[in-house]
Amino acid sequence: NPKIESRVNRDFIALSVSLLVEIAMLLKPIEHIKRGKKPYDYRILLVLCILRILLRLSYEDYERIMRTDSRIYNILKLKILPSKSTIQRAMKFLKFSLIMQFNKELISCIIKRRLNIIIDSTGIRCIGRSVWYCIRINKEIEKRDCDKIHLAIDSDLLLILNFRITKWSKNDCPFLVKLLNPFKLLGLVFADKGYLSRKNFQFSADRKGALFCPFKKGNTANPDSCPAWKFAFNLYKKCNWIYMNIYHQRSKIEAVNSAIKKRYGDSFKCKRKTMRRKEVALRFVAYNVFIMLCYNYSLKHN
């Protein structure tokens with residue numbers, strides 16, 4: 001809705017900082033026992049790391065623009081924000097599990113209901129030098145120079161519910177169970193042929209859901225101890241147009257992939273694998289923050 005998006009963008013910084021602080025305060029505080037100057041609260045540093053990604057600022061832009069913004073440090077109750085070196089050190093010691101926990105708290109009001117989930121994977125390039133430099137030294141940038149991202153999104157709000165980041169060679173199929181495991185009650189699940197297996201069909205059925213995934217040419221109705229496979233295969237063969245009309249909701253996840261790459265970029269230049277994956281995870285949290293701001297505004301104004 002363009003009206004909602006324009007209203008949210010008008011007060012974007014104040015709304016986003018308020019929401020981030022509200023979620024961060026739900027995390028457990030850490031008491032400072034050692035002597036010396038009391039460090040910044042790790043929850044405040046986490047908020048600033050996410051906000052930097054959300055505003056699409058480099059560390060230099062953070063120091064020049066964001067650090068002296070009164071709309072931010074007034075809400076955080078600070079006289080001045082931490083320096084860019086402090087934020088860089090915070091990114092270094094930030095745990096991936098903490099980012100996952102923050103995302104879970106952010107979308108906790110959504111995941112309590114029955115969810116229709118779309119699953120897919122995509123790649124983000126990891127290049128340690130510029131494209132023009134590679135052309136100059138005759139070095140080819142291969143398609144495989146990327147990290148593979150496995151996403152599970154809500155088909156209604158297009159929120160990122162769960163994610164995994166792996167190397168490019170990992171197979172898609174085992175990640176359906178890993179992505180859906182936190183959700184006890186499923187609705188419709190949409191996935192492409194890369195996730196086709198009897199185990200995945202039965203897993204969705206055991207959680208009161210139904211997996212819609214197109215079958216391959218050589219597949220048969222043999223259930224092999226997975227009756228959900230046989231039921232789905234018969235529906236695919238006898239009522240193919242109904243099955244495929246439901247399945248084509250999977251295309252919504254392409255809009256999410258496109259939105260993330262257009263807003264936050266389709267590559268990153270971090271050399272270390274752990275730092276790359278932290279940055280990608282923060283991009284997902286930043287995307288969810290914007291969606292939640294629009295969702296909260298729509299509920300508030302009916």
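## Report on a predicted model

Phe102 is found in helix H7, which covers residues 96-106. The structure described here is a predicted model. Phe102 has a relative accessible area of 1% and counts as buried, because buried means under 20%. Leu26 lies 76 residues from Phe102 in sequence, yet the two are 8.8 Å apart in space, C-alpha to C-alpha.

Strand S4 spans residues 186-190. Of its five residues, four are buried, so the strand is mostly covered. S4 pairs with strand S1, residues 115-126, through three bridges, and these two strands run parallel. S4 is also joined to strand S5, residues 210-212, by three bridges, and here too the strands run parallel. One bridge partner pair from each pairing is given in the table.

| Strands | Bridge partners | Bridges joining the strands |
|---|---|---|
| S1 and S4 | Leu115 and Leu186 | three bridges |
| S4 and S5 | Phe190 and Phe212 | three bridges |

The surface also carries a charged group. Lys167, Lys170, Lys178 and Lys273 gather there in a patch of positive charge. Among them, Lys178 is found in helix H9, which runs over residues 175-180. The relative accessible area of Lys178 is 42%.

Conventions. Residues numbered from 1 in each chain as written. Predicted model: local features only at pLDDT ≥ 70, side-chain atom pairs only at ≥ 80, totals over all residues. Heavy atoms only, no water. Patch = residues over 30% accessible without salt bridge, like charges linked within 9 Å, V, L, I, M, F, W, Y side chains within 5 Å. Areas by Shrake-Rupley, 256 points an atom, 1.4 Å probe, with all protein chains shown as cover. Salt bridge = Lys/Arg side-chain N within 4 Å of Asp/Glu carboxyl O. Lys, Arg positive; Asp, Glu negative; His and termini not counted. Charge placed at Lys NZ, Arg CZ, Asp CG, Glu CD. Buried < 20%, exposed > 50% of the residue type's maximum accessible area, 1.4 Å probe, protein only. Pairing = 2+ DSSP bridges.
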